[in-house]
Amino acid sequence: IDGCVYTGPASLQVAERLVEWGGRVRVPTTLNAVSVDRRRWREQRIPEDLALPADALAEAYLALGARPTFTCAPYLLDGAPSRGEDVAWGESNAVVFANSVLGARTQKYADYVDICVAITGR
């Protein structure tokens with residue numbers, strides 16, 4: 001899920017609304033890197049008004065059933081797609097790697113389209 005970067009209240013509202021509606025991912029779903037270091041944001045002097053909603057956004061996607069991978073390189077994880085497999089990735093480098101190196105198939109899915117694909121399984 002590429003849309004797990006906190007870009008403002010609306011990004012959190014979308015994810016929380018999906019949770020409220022009982023959304024659950026139906027296919028294996030990974031999370032891109034999030035906006036802040038979830039454990040060390042205070043030490044890094046990240047303002048609370050950014051860190052708390054960014055963490056809440058990550059928690060919402062976890063509540064939907066996404067794996068807590070927090071990486072922009074999901075192709076390095078166990079279970080990378082194989083040749084001919086369809087995936088719905090949004091991270092630019094992952095899309096290029098999937099299509100050219102792995103032989104999987106994906107377009108560059110925009111934020112929020114990827115979570116819709118994960119929830120519908122299509």
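Is Asp86 buried or exposed at 55% relative accessibility? With buried meaning under 20% relative accessible area, exposed over 50% and partly exposed in between (1.4 Å probe, protein chains only), Asp86 counts as exposed. The model is predicted, so that local features need pLDDT of at least 70 and side-chain atom pairs count only at pLDDT 80 or more, whereas totals for chains, interfaces and linings use all residues. Residues are numbered from 1 along each chain as its sequence is written, and side-chain values use heavy atoms, with hydrogens and water left out.

Side chains of opposite charge can pair when their charged atoms come close. Where a salt bridge is taken as a side-chain nitrogen of Lys or Arg within 4 Å of a carboxyl oxygen of Asp or Glu, the count comes to five. One of these joins Asp86 to Arg105, with 3.0 Å from N to O; Arg105 lies in the loop between helix H3 (92–102) and helix H4 (113–120), and Asp86 in the loop between H2 and H3, so that distant parts of the chain, 19 residues apart, are linked. Helices here are DSSP runs (H or I, at least four residues), numbered from the N terminus. Arg105, at 46% relative accessibility, counts as partly exposed.

A salt bridge also forms between Arg38 and Glu59, whose closest N and O atoms are 2.3 Å apart. Because Arg38 lies in the loop between H1 and helix H2 (48–63) and Glu59 in helix H2, the pair ties together parts that are 21 residues apart in sequence. Arg38 is partly exposed at 26% relative accessibility, as is Glu59 at 40%.

Technical notes. Helices (H or I, at least four residues) and strands (E, at least two) are DSSP runs, numbered from the N terminus.
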